[in-house]
Amino acid sequence: MGEKITTKYLLDLVSRSFALAIPLLDKNKKIKVEVQYLLARIIDTIEDSMHEVKDKETLITGFINILKTGDTKNLENFKKVVISKTINENDKVLIENIDIVLKSFFNFPIEIKNMSISYLKEMGYGMIYYQDHSISNFDDLTDYCYYVAGTVGIYLTELTRLSDGLNLDRENAKKLGIFLQKINIIKDAKTDYKEKRIFWPSSLFDNENPAPYFEDAAYMDKSLEVLNKMIESAYDEFKPSIEYIMSIEKKAQGYRRFCLLSVIMGYETLKLLKNNYDLFTGKVLKIPKKTALDIASKVKSDFYTNKKLEDILLNYNK
C-alpha cells in the first residue's frame, strides 16, 4: 500500500521551505496555514500552466467559485483540464488530490473561509493581470509580489488576530510576503527563463532583452549588475519584515518562529546570491544544509531575540 495522502503529505511534496516552517506554528493556526498554502499553490499551478490566458482566468474563477459555494460536482472535470497543461509533476499530484485539501477547508469556521477566499481571489486576479501585462520596472515587480505573496502575509496577520487577539502591522506583513517572493524570483530566474517566464523588470536589460544575460558569458558584468539591483530591491522589504517579527508577542511564539525561519533563511539566501554568476548558468544555489539546520535550531531555541534582530538590522546591507 502507498502512503496515505494527507494535506501534510501534499505540502511536503510541493514546498520545501513551507514544509519546514509550518510545523513551528502554534496548533491553533497550523492546519489553516497548511491548507491556505495548498489552495494558493493550486492557483499558482494554474498560473504556471501552459493554458491560454483566458482559460487560466476561467479556471481560477471556477476554483474560487468552488471554494465559495462548496459545490464540487464539476471537480473531476476541473482536475482533468488543469492537469492536462500542468508543467510540474508534483503539482499534478496536488491537483489530483484537491478533494483532500477542500475537505479540510470546508470544515473551517465561516469567518476563516471567507477571509481565505478574499485573499485567494485577490491573488488569483493579480496573477491573471500580470499574464498579459509585463513587469517593466521595480514598481511592477513589487506590485506583482504583493498579489502572489503580500496577500499571504495579510492573511496570516488576520488569522493571528482572530486566533490570538494580536493586532500586527498589516503593511509590514505585506512587505514580509513581498520580501520572500522577491527572493524566489531571484533564485529561480534561470529556471523561469528556460520556461519562457521573466519576472525581472524588463527595463533592467539592454533593449529589454534578457537572453544575453542568461546565455552569453561575455555579459557577466552586466548580469551581475542586474542581479545586484534585484537583491537591493529585495532588501527594501527586509527591515519591515524584521520589525514585523519583533512585534509578535510570546502568546503567538510559534507564529514568530514560523516567520523567523522563512526570513532568516531568505536573508542567508540573498547573501549567497550576491555577485554570484552561478545563478545565470543554472547551477542550483542553496544555503549549505549545515547553515539551514543551524538557523532552524536557533529559531526553535529562541536565539533570535529582539536584540539579536536589531544587530542583524545594523549590519545586513554592509
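Asp12 counts as partly exposed because its relative accessibility is 40%, where partly exposed lies between buried (under 20% relative accessible area) and exposed (over 50%), with a 1.4 Å probe and protein chains only. This is a predicted model, in which local features need pLDDT of at least 70, side-chain atom pairs count only at pLDDT 80 or more, and totals for chains, interfaces and linings use all residues. Residues are numbered from 1 along each chain as its sequence is written, and side-chain values use heavy atoms, with hydrogens and water left out. The protein has 18 helices and zero strands; these are DSSP runs numbered from the N terminus, with helices being H or I of at least four residues and strands E of at least two.

**Overall form**

- The protein has a radius of gyration of 20 Å, which agrees with the value near 20 Å for a compact globule of 318 residues.
- That radius is taken over C-alpha atoms, and the globule rule is 2.2 Å times the number of residues to the power 0.38.
- Along the principal axes, the C-alpha atoms fill a box of roughly 55 × 45 × 40 Å.
- Of the 318 residues, 52% count as buried.
- Contact means heavy atoms within 4.5 Å. Among contacts between residues at least 6 apart in sequence, 73% join residues at least 24 apart.

**Surface and charge**

- The accessible surface comes to about 15,400 Å², and carbon and sulfur atoms hold 50% of it.
- Areas come from the Shrake-Rupley method with a 1.4 Å probe; for residues, only the protein chains shown count as cover.
- There are 47 positive and 46 negative side chains, and the centres of the two sets lie 6 Å apart.
- Lys and Arg count as positive and Asp and Glu as negative, while His and the chain ends are not counted. Each charge is placed at NZ of Lys, CZ of Arg, CG of Asp or CD of Glu.

**Nonpolar core**

- The largest nonpolar core has 110 residues, and Leu39, Ile186, Trp200, Phe238 and Tyr255 have the most contacts inside it.
- Helix H15 (residues 253-273) gives the most to this core, with eleven residues.
- Such a core is a set of buried Ala, Val, Leu, Ile, Met, Phe, Trp, Tyr and Cys residues joined through side-chain atoms within 4.5 Å.
- Beyond four places in sequence, Ile186 touches Trp200, Leu227, Met230, Ile231, Ala234, Leu270, Leu273 and Leu279.

- Asp12 is found in helix H1 (residues 7-14). Its C-alpha atom is 28 Å from that of Ile231, 219 residues apart along the chain.
- Pro23 sits in the loop between helix H2 (16-21) and helix H3 (30-48). At 43% relative accessibility, Pro23 is partly exposed.
- The C-alpha atoms of Pro23 and Lys8, 15 residues apart along the chain, are separated by 9.8 Å.

**Helix H10**

- Asn172 lies in helix H10 (residues 170-187). Asn172 is buried, with a relative accessible area of 15%.
- Leaving aside neighbours within four places in sequence, its contacts are Pro240, Glu243 and Tyr244.

- Most residues other than glycine have a negative phi.
- Lys196 has a positive phi, near 60°. Lys196 lies in the loop between helix H11 (189-194) and helix H12 (211-215), and it counts as exposed at 77% relative accessibility.
- Glu208 also has a positive phi, of about 55°. Glu208 is in the loop between H11 and H12.
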